[in-house]
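This report is written to be read beside the sequence and the coordinates.

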Amino acid sequence: MSKDSIKIRMPALGGQGAVTAAHIAATAADTEGYYAVSNPFFGAEKRMAPSESYTRIGTVPIYDRGEVIYPDIIMVYHPQVITMGKSYTMPFYSGIKENGLVLINSDHELVTDSDRKFLESKNVKVLTRDFTKFAVEIAGTELATNMAMLGALFGALGTIGKSAIEEGIKDRFLKKYVASGGTASLDSVIEKKFKKKLDLIQSNLDTASAAYDLTAAWAKEVGLAPILDPIA
Amino acid sequence: MSIKNMTKEKNWSGQTMVSTDYLLFEAPREKHFMTGSEVLKEAMKRCTVDASVSYPITPQSEAAHLIGELWAEGYVGTYFRGENEFGVMSEVAGCAMAGARTVTTTSGPGTLRAMENFPMWSGTRIPCQLVLMARGINSPLTIQPDNLEVSFLLETGCMIWYAENVQELFDMSIAAFTVAEMPDVHVPIITAVDGFFVSHTRESVMLPADDIALFPYNPYKAPLPPIDSEMPPGRFLRDPFVMKSNYISYATHASWQWEVRSAVDRSRPYAKHFLNGLAHVTGDQDAEIVFVACGTASHQAKEANRELTKMGIKSKVVKLRTIRPFPHAELLEATKSAKYIFVPEFNIVGWLEKEVTQSLYGKSEAKVIGRPRVAGGMSMPVEAILKEVLENVEKGA
């Protein structure tokens, strides 16, 4: 049974862009017409240190704030979240709700038999995939891993479309331009930069879109039940 | 953008000046999606701010930085970085005494480092605004949300308001200047939010256009004259009574301290108007289970209220919007039906529970339960609140 609001936990490492992904996810959901909130949680701001961010999406107003202790969806951005415990909760699936979903970015299987047994008892579906490789192949950079994860999330959810994701990505990368640029500043230098930025946005979109298709097909294949109520 | 001469209609950034009522209640609004830090920039952009002093400390660094951008864009008269938070709060006092509408931001250890200044602020009756993005206090070192620091500020003679979310931070930080600058109030105001839960949380918010702004602060209506090259700061700073070493030194100190508290009290009707009441009540009016909270804790309580409703249990949430002055009458009225008053808090000491208990002492039969209580950056999941409620109510039944 799908729910009127869901909580998504994104354990990642500093530098992977989980904060950006949570921001875009919430903006996309907001664009689609949902209530949405995103927030980060981190300690020292340094690369490879644990960094988590959260997105909450619902058809009802969302009051809940802070760290997501009981998530419906967990997105593991890096194998070290599991292998080295780089997260705020152990084990990585701590608090997962029934009928939930876990997406893991890894090139090898990290879920042990006992983990699997527990997750199955909660009817939680798990997808392990090398989203970094995916990002490198499509966007040409591992920095787009977060976009692949983002696309994967929405492909599995199925209630927030690609155009909303596009809005989210554009909002994140173009806003500053729109706010302070204006037509007068469209000289060649800016134009060049702008073109670069548009290229960046396009490759991000392509990555997210391909990952969206991948998980949408996977969700159908494994019979993933709808998690989030659609917008009425 | 360059600073322009102010006209009758336009401020120095070319914004049309409007009343606080128009800005807060009448101007058409559009939906935006932003963080608390970003929204504070938007609020200050509409406040015709003369001066801002900053010093970086997580989680308020972004907000301080963004106010700096406002200065670069020509919306804030002057902006500079202090030596440390003690320096910042002293410099804020200097700006405000000179008649500038002044804002600053800080968090946790920064607040404590600056501590001596806050009662000095209220004692000199400056109407400056501190936007406090609450963070835990060392040690061990933490940067996470925890509002213990607010308990240190309760008796500084400053007004303290508490915003629940990004929207409230916007509206409150604008209303704050207006209420603080009322000639019969004229004390500093601390607008508090929980760090990260508000400063770094991105959500939708309704904002009026940015081509309108408040009228400037008029220091010549202040109870103490502003300083200039001929006028030293408040007579008692230049020529302290203590130097007289006679009865007048302590008598003046005492009466002035009382006057500062009376000034805070006199802010009630203004705050009531601009905040739509000192306390907001949601949920079942006749509920026996009542949550009394401020800031993020009231958000969490609303989440619990929704879950309890699904279980067929009545409850209500009393969100306190002002802490100083404390909304005694509003609290008493809102808890009339209460058998159990839960005070969920994001700090280890339960300062709000103490405030609530003290306020209701001898006036209410309800049992005040200072739980759940989390600290140091812990979240307060709705599950924890429900557990606390169900256990206590079962026991009591």
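Predicted model: local features only at pLDDT ≥ 70, side-chain atom pairs only at ≥ 80, totals over all residues.

Just after H12(B), Gly312(B) adopts a positive phi of about 80 degrees. The helix itself, residues 296-310 of chain B, has 15 residues that should span 21 Å at 1.5 Å a residue, and because its end C-alpha atoms are 22 Å apart, the two values agree. H12(B) is mostly covered, with 12 of its 15 residues buried; among them are Thr296(B), His299(B), Lys302(B), Glu303(B), Arg306(B) and Leu308(B).

Gly295(B) sits in the loop between strand S12 (289-293) and H12 of chain B. With 29 other C-beta atoms within 10 Å, Gly295(B) is buried. When its neighbours within four places in sequence are left aside, Gly295(B) is in contact with Asn147(B), Tyr162(B), Glu164(B), Ala192(B), Val193(B) and Asp194(B). The C-alpha atom of Gly295(B) is also separated by 9.3 Å from that of Phe346(B), a residue 51 places away along the chain.

## Two domains in chain B

Chain B is divided into domain 1 (16-220) and domain 2 (282-396), whose centres, taken over C-alpha atoms, are separated by 27 Å. Where they meet, 21 residues of domain 1 of chain B are in contact with 19 residues of domain 2 of chain B. On the domain 1 side, helix H7 (148-153), strand S7 (159-162) and strand S8 (189-194) of chain B are the elements that give two or more residues, and S7(B) gives the most, with four residues. By class, this side of domain 1 of chain B has 12 nonpolar, six polar and three charged residues.

In soluble globular proteins, nonpolar side chains tend to be buried together. Here the largest nonpolar core has 110 residues, and those with the most contacts inside it are Ile160(B), Ile174(B) and Val292(B). Helix H8 (residues 166-180) of chain B supplies the largest share of this core, 10 residues, and the core draws at least three residues from each of domain 1 (16-220) and domain 2 (282-396) of chain B.

Ile160(B), leaving aside its neighbours within four places in sequence, is in contact with Val150(B), Leu153(B), Ile190(B), Ala192(B), Ile323(B) and Arg324(B).

## The contact between chains A and B

The contact takes 18 residues from chain B and 17 residues from chain A. On the side of chain B that touches chain A, the elements that give two or more residues are strand S9 (203-208), H12 and helix H15 (382-396) of chain B. Which of these elements gives the most to that side? It is H12(B), with five residues. By class, the side of chain B that touches chain A has six nonpolar, seven polar and five charged residues.

## An enclosed strand in chain B

Strand S5 (residues 102-106) of chain B is largely enclosed by the rest of the structure, because five of its five residues are buried. In a regular strand the side chains alternate between the two faces of the sheet. In S5(B), Thr102(B), Thr104(B) and Thr106(B) point one way and Val103(B) and Thr105(B) the other way, and all are buried.

S5(B) pairs in the parallel sense with strand S3 (residues 51-54) of chain B over two bridges, with Ala51(B) standing opposite Thr102(B). S5(B) also pairs in the parallel sense with strand S6 (residues 129-134) of chain B, over four bridges, and here the bridge partner of Thr104(B) is Leu130(B).

## Backbone features in loops

Two cis peptide bonds deserve a careful look. One joins Met90(A) and Pro91(A), with omega about -10 degrees, and Pro91(A) is placed in the loop between helix H2 (79-83) and strand S5 (101-105) of chain A. Another joins Asn138(B) and Ser139(B), with omega about -5 degrees, and Ser139(B) lies in the loop between S6 and H7 of chain B.

Positive phi values also occur in residues other than glycine. Met48(A), in the loop between strand S2 (35-42) and strand S3 (50-58) of chain A, has a phi near 70 degrees, and counts as partly exposed because it has 13 C-beta neighbours inside 10 Å. Arg125(B), in the loop between helix H6 (117-123) and S6 of chain B, has a positive phi of about 60 degrees, and with 22 C-beta neighbours inside 10 Å Arg125(B) counts as buried.

Definitions and conventions. Residues numbered from 1 in each chain as written. Chains lettered and ligands numbered in written order. Expected span 1.5 Å × (residues − 1). Buried ≥ 20, exposed ≤ 12 C-beta atoms within 10 Å, placed from the backbone. Domains from an automatic or database assignment. Contact = placed C-beta atoms within 7 Å. Nonpolar A, V, L, I, M, F, W, Y, C, P; charged D, E, K, R; others polar. Core = buried A, V, L, I, M, F, W, Y, C linked by C-beta atoms within 7 Å. Pairing = 2+ DSSP bridges.
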